[in-house]
Amino acid sequence: MIHLTQTGCQFVEPEGKNLGFETLSFDDCKQINNQTGEKRLGEVQPMILEPGKYIFRVQNKNVPYELGFWLRGSGIGRLTLPSVSGGGLTEGSSKDYLIELTEGEYVYSCPLNPTPDYPMIIKRK
């Protein structure tokens, strides 16, 4: 089980802390991440996992509108690697997303929040 927490405009775990962005809408996050997203992603280490089945438990922590989750292949891998997505994450709720990941490079984000595309690498040890 991989736990991920969404706050305004970000996932907390890859960034190491809640950055405290205050948002009331998609547009707020779009503006915040246009200004800060590239720099923040430069400081994020990719999540590295082995191939296999995973449950991603995603929580909406204090975001006052519905959120979602989208995990997919990066670049050309978007066409060939497994993907999972969904919405319906209301404030204070969490949802589980089951996926079997194969080797490759992935990204995950919330298109509804929106967040940066956080990197993930699936490889054998």
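This is a predicted model: local features need pLDDT of at least 70, side-chain atom pairs count only at pLDDT 80 or more; totals for chains, interfaces and linings use all residues.
**Reading strands and rings**

Me: Got it. Which strands does S1 pair with, and in what sense?

Reply: The thing to read off is the direction of the two strands and the number of bridges. Strand S1 (residues 2-7) runs parallel to strand S4 (residues 52-60), with five bridges joining them. S2 is another partner of S1, this time antiparallel and over two bridges.

Me: What's the order in the five-stranded sheet?

Reply: That one reads S3-S9-S8-S5-S6, again open and with mixed pairing. Its edge strands, each with pairing on one side only, are strand S3 (47-49) and strand S6 (84-89). From one strand to the next, the twist averages 20 degrees.

Me: Walk me across it. How do S3 and S9 run, and which residue is opposite Ile48?

Reply: S3 and strand S9 (residues 118-122) run parallel and are joined by three bridges. Ile48 faces Ile121 in S9.

Me: And around S5, which strands pair with it, and over how many bridges?

Reply: S5 pairs with S6 in the antiparallel sense over four bridges, and Trp70 stands opposite Ser85 of S6 there. With strand S8 (residues 104-109), S5 also has four bridges in the antiparallel sense; Gly73 is set opposite Tyr106 in S8. As for cover, six of the seven residues in S5 are buried.

Me: Now the rings. What do I need to describe an aromatic pair?

Reply: Two numbers do it: the distance between the ring centres and the angle between the planes. A search of the whole structure turns up eight aromatic pairs. Take Phe11 and Phe69: the centres are 6.2 Å apart and the planes sit at 70 degrees, so this pair is edge-to-face. It links distant parts of the chain, with Phe11 in strand S2 and Phe69 in strand S5 (residues 67-73), 58 residues apart.

Me: How is Phe69 placed against Tyr97?

Reply: Their ring centres are 5.1 Å apart and the planes lie at 45 degrees, so you'd call this pair tilted. Phe69 is in strand S5 and Tyr97 in strand S7, so the pair ties together parts 28 residues apart in sequence. Tyr97 is buried too, with a relative accessible area of 5%.

Me: Which residues make up the aromatic cluster?

Reply: One cluster takes in Phe11, Tyr54, Phe56, Phe69, Tyr97, Tyr108 and Tyr118.

Me: Which residues touch the most other members of the largest nonpolar core?

Reply: That core has 29 residues, and the ones touching the most other members are Phe56, Phe69, Leu71, Leu101 and Met120. Setting aside residues up to four places away in sequence, the contacts of Phe69 include Leu4, Val58, Val84, Gly86 and Ser109.

Me: One last item: what lies over the face of Trp70?

Reply: Arg72 does, at 3.9 Å from the ring centre. So there you're reading a charge over a ring, for which CZ of Arg has to be within 6 Å of the ring centre and within 35 degrees of the ring normal.

Notes. Residues are numbered from 1 along each chain as its sequence is written. Side-chain values use heavy atoms; hydrogens and water are left out. Two strands pair if DSSP finds at least two bridges between them. Axes are lines fitted to C-alpha atoms, for helices over the stretch in contact, and angles run from 0 to 180 degrees between N-to-C directions. Rings of Phe, Tyr and Trp (its six-membered ring) pair if their centres lie within 6.5 Å; planes under 30 degrees apart count as stacked, over 60 as edge-to-face and the rest as tilted. Buried means under 20% relative accessible area, exposed over 50%, partly exposed in between (1.4 Å probe, protein chains only). A nonpolar core is a set of buried Ala, Val, Leu, Ile, Met, Phe, Trp, Tyr and Cys residues joined through side-chain atoms within 4.5 Å. Contact means heavy atoms within 4.5 Å.
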